[in-house]
Amino acid sequence: ITECAQTLSVRTCSENHGSIAQDHDRMEHLFAAVNHDNYGLLIDFGNFLCADDTPYLAVSRLASMAFHVHAKDFVYGPDIKNPHFGSRGGNLLHACIIGEGDVNVGKCVRIMKNAGYDGYITVEFEGEEDPDVGISRGLANLRKFDAES
């Protein structure tokens with residue numbers, strides 16, 4: 001697919017999403033298996049928690065392979081209130097506003113910038129708050145993290 005896409009000037013990437021490809025080890029293996037200049041990764045900071053992978057450590061391993069980035073946050077642990085779903089290892093996750101959960105989004109942003117990533121970092125909001133509130137507060141937090149990096 002990536003070879004065909006390249007002839008159309010379209011880059012391809014895979015997101016760390018879904019139980020098969022949420023952790024950094026599997027994403028590294030996938031990237032190495034494709035082994036093509038037109039192929040990269042879409043790194044979602046929050047999705048690493050779905051595989052019980054420490055987000056900032058996973059980001060540090062994958063940052064150089066990134067074509068795009070999603071900022072997302074979760075409250076995470078073995079005993080949280082109102083979980084939306086569970087992790088691969090049995091922890092619970094509750095989606096929240098970027099910068100208000102357990103993903104160290106600021107550290108993830110800093111790692112991406114230090115690795116030379118200069119592309120977009122998009123806001124992904126899955127929380128229960130009004131979307132206008134969740135997105136605007138998350139974007140304000142993301143901008144603050146970017147400015148501090």
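A disulfide is a pair of cysteine sulfur atoms within 2.5 Å. This structure is a predicted model, where local features need pLDDT of at least 70, side-chain atom pairs count only at pLDDT 80 or more, and totals for chains, interfaces and linings use all residues. Residues are numbered from 1 along each chain as its sequence is written, and side-chain values use heavy atoms, with hydrogens and water left out.

**Exercise 1. How many disulfides does a search of the whole structure find, and where does C4 stand?**

Step 1. The search of the whole structure gives 0 disulfides.
Step 2. Take C4: it takes part in no disulfide. Its nearest cysteine sulfur belongs to C13, 16 Å away.
Step 3. Turn to C13. Its closest cysteine sulfur is in C4, at 16 Å, which is too far for a bond.

**Exercise 2. List the secondary structure elements of the protein in order from the N terminus.**

Step 1. Count them: 5 helices and 7 strands. Both are DSSP runs, numbered from the N terminus; helices are H or I with at least four residues, strands E with at least two.
Step 2. Write the order: α-β-α-β-α-β-β-β-β-α-β-α.

**Exercise 3. Describe the open sheet of 4 strands.**

Step 1. Read the order: 1-2-3-7, with parallel pairing. Two strands pair if DSSP finds at least two bridges between them.
Step 2. Find the edges. They are strand 1 (12-15) and strand 7 (121-123), each pairing on one side only.
Step 3. Look inside the sheet. Strand 2 (residues 39-44) runs parallel to strand 3 (residues 66-71), joined by 4 bridges. I43 stands opposite V69 in strand 3.

**Exercise 4. What share of the residues is buried, and what share of contacts joins residues at least 24 apart?**

Step 1. Of the 149 residues, 44% are buried.
Step 2. Take contacts (heavy atoms within 4.5 Å). Among those between residues at least 6 apart in sequence, 71% join residues at least 24 apart.
Step 3. The C-alpha atoms fill a box of roughly 45 × 35 × 25 Å, taken along the principal axes.

Notes: Buried < 20%, exposed > 50% of the residue type's maximum accessible area, 1.4 Å probe, protein only.
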